[in-house]
Amino acid sequence: MRLDSRAVHAGREPRARDPLAPPIVQTSVYVFDDLEDYDAVADGRRPGHLYARNSNENVAMLEAAVADLEGAEAGLATASGMAAISAAVSTFAPRPAPVVAAADTYGSTLGLLRQDLAPLGYELRVVDTGDLEAVERALTGAALLLCETITNPLCRVTDLEAICRLGAAHGVPVLVDNTFASPLLCRPLEAGAAAVVHSATKYIGGHSDLVAGVLVGDRALVERARARVIRNGACLGPFEAWLAVRGLRTLHLRMRRHSDNALCLARHLDGRPGVRVVHHPLLENSPYFEVASRLLPHGSGGMFALDLAGGREAVQTMLRRLRLVRFAASLGGVETTVSYPDLTSHRSLPPEERLARGITPGTVRISTGLEDPEDLAEDLTQAIREAP
Ligand SMILES: *Cc1c(COP(=O)(O)O)cnc(C)c1O
């Protein structure tokens with residue numbers, strides 16, 4: 001089956017007289033006939049589930065569906081994207097070791113490395129993944145390289161093929177956070193990544209109504225990560241898994257419309273009075289145009305950023321004037337939202353570091369939803385206008 005059909009069917013094969021839609025199996029525990037029956041399921045000789053911290057039908061369906069779309073052997077669903085990243089890092093690097101991370105990695109991921117893992121003896125090596133020589137230098141003796149397909153908030157596109165080639169040459173596995181692209185637009189395992197993580201809170205769920213994470217990769221790695229999550233308890237509940245699968249059934253349609261709407265808005269806003277820069281990797285003037293066109297041939301999703309010439313004041317005015325678009329610090333939903341990295345995702349960074357990364361007091365991040373693009377263009381244009 002092709003990708004669009006897999007989005008609709010992956011993870012589920014109803015048999016005769018089964019309900020067409022998956023039931024929510026809302027239970028903490030399962031019953032058994034006798035010791036031999038329990039033992040067979042616990043050993044994996046018989047299919048089934050024991051206890052919801054270990055596994056559950058809805059959670060297993062989400063795991064199978066995302067693994068299918070990413071072209072992976074196996075998947076593990078977790079309580080959040082951060083739980084998936086945490087499980088992945090500690091599975092690749094179970095003991096203190098050097099970990100290489102892209103400089104513009106999601107703020108909480110850097111927080112996990114800096115605040116939780118560095119004190120345990122992990123050495124954090126932060127690199128600009130656009131500088132392949134710096135990446136190569138950082139790889140010596142590293143246990144893992146962590147990067148993102150499309151970065152937050154400036155939507156820089158990582159050359160995953162080049163990074164994975166370097167990783168392979170140095171024997172360092174590459175873990176890719178593919179949240180912004182989704183498996184419909186990019187499948188990092190095909191570029192040579194060892195594993196992929198998602199905040200399913202964003203595009204996979206797609207409706208701003210759940211928090212969940214998924215890790216996919218080869219079976220041995222995923223099973224080691226699963227054993228950790230069973231011990232540390234960062235498991236996903238059945239209802240969140242059910243919602244995420246329900247969202248995933250339309251991922252292909254949504255990603256196409258998110259991508260079209262975002263590029264349309266980025267083109268509309270580029271060069272307008274009051275707009276200093278539009279950061280969208282598929283604008284012809286973007287430094288990431290070539291790599292984005294190669295890595296993301298079907299679009300780059302709904303995310304882009306604006307740098308308003310008037311700084312924080314202009315952002316404040318824009319937020320007060322917006323009628324349709326709302327200020328909310330997440331992304332990937334059906335409704336268009338704006339976020340302000342200085343106060344939200346990048347709040348913990350010192351101002352100099354934010355500026356060094358290209359995030360100014362005028363930077364706003366836009367998560368383009370599924371509305372009519374003309375309504376979005378009208379709302380943003382009236383909100384950004386310089387006249388009072
Ligand atoms: C939101 C996000 C995360 C964290 O996911 P949660 O589901 O909020 O834990 C990680 N990486 C990226 C790129 C994200 O956008």
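These legends go with views of one predicted model.

**View 1. The whole chain and its elements.** This predicted chain holds 15 helices and 12 strands. Its C-alpha atoms fill a box of roughly 75 × 50 × 35 Å, taken along the principal axes.

**View 2. How the overall size fits a globule.** The chain has 388 residues, and its radius of gyration is 21 Å. A compact globule with 388 residues would have a radius of gyration near 21 Å, so the chain agrees with that expectation.

**View 3. The two domains.** The domain assignment gives domain 1 as residues 3-248. Domain 2 covers residues 251-385. The C-alpha centres of domain 1 and domain 2 lie 26 Å apart.

**View 4. Where the domains meet.** Domain 1 brings 38 residues into contact with domain 2.

View 5. Of the 388 residues in the chain, 55% are buried. Buried means under 20% relative accessible area. The accessible surface of the chain comes to about 17,100 Å². Carbon and sulfur atoms account for 52% of that surface.

**View 6. Contacts across the sequence.** Take the contacts in the chain between residues at least 6 apart in sequence. Of these, 72% join residues at least 24 apart.

**View 7. Charges in the chain.** The chain carries 40 positive and 47 negative charges. The mean position of the positive charges and that of the negative charges are 2 Å apart.

Terms used:
Residues numbered from 1 in each chain as written. Predicted model: local features only at pLDDT ≥ 70, side-chain atom pairs only at ≥ 80, totals over all residues. Heavy atoms only, no water. Helix = DSSP H or I, 4+ residues; strand = E, 2+ residues; numbered from the N terminus. Rg over C-alpha atoms; globule rule 2.2 N^0.38 Å. Buried < 20%, exposed > 50% of the residue type's maximum accessible area, 1.4 Å probe, protein only. Contact = heavy atoms within 4.5 Å. Areas by Shrake-Rupley, 256 points an atom, 1.4 Å probe, with all protein chains shown as cover. Lys, Arg positive; Asp, Glu negative; His and termini not counted. Charge placed at Lys NZ, Arg CZ, Asp CG, Glu CD. Domains from an automatic or database assignment.
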